[in-house]
Amino acid sequence: MRSVVCVTQNLARTAGELRAAGHLPRGVKTEIRENLLAALREGRNPWPGIVGFDRTVLPQLERALLAGHDVVLLGERGQGKTRLLRSLISLLDEWTPVIEGSELGEHPLDPITPESKRRAAELGDDLPVVWRHRGERYAEKLATPDTSVGDLVGDVDPVKVAEGRSLGDPETIHYGMLPRAHRGIIAINELPDLAERIQVSLLNVMEERDIQVRGYTLRLPLDVLLVATANPEDYTNRGRIITPLKDRFGAEVRTHYPLEIEAEVDLVRQEADLVAEVGDHLLEIIARFVRHLRESSSIDQRSGVSARFAVAAAETVAASALRRSALIGETPAIARPVDLESVPDVLRGKLEFEAGEEGREDEVLVHLLRRSIADTARARLAGLNLRALAEVVSDGHPVATGDRVHAGDLLAALPELPILHEVAARLGAGPKDPVGRIASAVELALESLYLTRNLSKDNSSDDDRSVYG
């Protein structure tokens with residue numbers, strides 16, 4: 001609170017001071033346009049935290065904002081649509097003046113409600129001014145079946161009517177979210193989920209910028225940027241969006257899942273709250289696993305495979321490593337390929353399978369996970385000859401792994417081999433690194449040899465151990 005006071009204490013406190021300072025009101029779309037242009041000219045990233053959209057979604061969105069269009073983002077679940085909308089806040093001015101006590105946050109030099117106009121006429125240059133932070137100028141509404149016109153647009157306030165005012169008095173209106181977002185951004189998530197009559201109530205707001213409440217029209221020159229999200233399947237004439245509302249949006253921008261493995265890994269690294277160390281090679285396996293799920297005919301692609309699945313998978317792998325650390329005292333807690341086995345069991349419920357796949361869910365997931373491990377090992381260990389490792393294990397040096405196998409025991413089962421150092425170095429582990437990091441690299445090489453049928457793997461042990469031999 002103290003820092004906010006320090007920032008605003010030297011700013012204008014009355015409409016007269018504001019006018020004397022040469023301040024001029026400007027529309028929110030103009031404000032966003034000018035701030036976006038300034039960021040682009042200065043080489044600043046106007047979209048911090050947005051991954052994988054640099055050459056596709058962001059250029060389209062920037063053009064829409066520069067054109068002053070209301071925007072709808074179309075995409076399946078978990079594609080970062082809401083995150084992208086919330087990042088629009090950074091394009092607003094950090095502080096903006098509003099009339100003190102104004103219900104709609106009106107500009108002191110441009111009041112729009114009857115009450116604010118009356119106060120401005122009475123007080124003149126003495127009209128009190130407060131400063132609002134840009135974080136307060138963004139409103140978000142999840143479209144649900146119980147959303148009413150009153151929630152979005154407004155309704156008659158019975159308390160004000162009981163005070164003696166007539167129903168025709170504009171000051172009896174209790175304003176909804178849209179007018180309260182005046183001079184700001186209003187975001188509606190899953191727009192087609194609004195009932196048709198609620199969608200109709202948005203038409204005037206988007207085109208004429210006025211609101212209608214209980215049979216009479218109160219013309220307010222609302223200044224809002226309306227943005228929304230929708231599933232492409234619902235956002236059609238055959239879906240649940242009415243055509244006139246669809247026509248009101250100036251821009252429709254399609255989002256997508258990360259197009260590159262590196263982008264998926266960056267996204268997971270940014271969003272996941274990892275309770276143990278998870279190496280990049282394991283995150284790449286998870287990213288490839290998610291990619292294979294999105295391409296699989298066994299998965300219902302209309303439902304999609306959210307980016308949140310990859311994030312949850314990484315957190316599950318980290319949790320498995322932390323659990324092993326607690327069970328056997330292995331510190332620090334570092335994830336190994338064996339921890340990936342927990343992903344299908346824990347996260348199967350986050351996926352929708354096609355109707356013909358009942359009973360095969362585990363088989364599908366395990367197959368795709370193994371394929372992802374093989375693809376990652378092939379990419380990461382390309383050019384290394386693992387034959388020496390395979391021969392040593394086959395000739396009497398079986399290696400065990402599992403929830404209760406210490407990383408040191410895994411490495412101690414193998415003699416000194418140059419290839420082990422090469423594998424560790426290729427996966428970013430050095431000789432002075434924790435033993436768990438080296439064991440994670442070696443275990444990926446062993447799993448690769450097993451998947452390419454150069455080694456066997458016995459999973460029949462009673463203590464949940466797997467033995468390469």
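Two strands count as paired when DSSP finds at least two bridges between them. Keep in mind as you look that this is a predicted model. By that pairing rule, five strands form an open sheet in the order β4-β7-β10-β1-β11, and their pairing is parallel. At its edges are β4 (138-142) and β11, each of which pairs on one side only. From one strand to the next, the twist averages 20°.

β4 runs parallel to β7 (residues 184-189), with 5 bridges between them, and here E140 sits opposite A187 of β7. Packed on this sheet is helix α4 (residues 57-66), which touches β1 (71-74), β10 (224-230) and β11. The direction of α4 makes about 170° with that of β11.

Is H256 buried or exposed? Its relative accessibility is 16%, and because buried means under 20%, H256 counts as buried. The H256 side chain makes a polar contact of 2.6 Å with the side chain of T56. Beyond its close sequence neighbours (those within four places), H256 also touches G52, F53, V57 and Q79, among others.

A second open sheet has 3 strands in the order β12-β14-β13, paired antiparallel. β12 (399-402) and β13 (457-458) each have a single partner strand, so one side of each lacks a neighbour in the sheet. Between β12 and β14 (residues 465-468) there are 4 bridges, and T401 faces S466 in β14. Helix α20 (residues 435-451) packs on this sheet and touches β12, β13 and β14, its direction making about 70° with that of β14.

Technical notes. Residues numbered from 1 in each chain as written. Predicted model: local features only at pLDDT ≥ 70, side-chain atom pairs only at ≥ 80, totals over all residues. Heavy atoms only, no water. Buried < 20%, exposed > 50% of the residue type's maximum accessible area, 1.4 Å probe, protein only. Polar contact = N/O pair within 3.5 Å; in protein donor to acceptor, adjacent residues only side chain to side chain. Contact = heavy atoms within 4.5 Å. Helix = DSSP H or I, 4+ residues; strand = E, 2+ residues; numbered from the N terminus. Axes fitted to C-alpha atoms, helices over the stretch in contact; angles between N-to-C directions.
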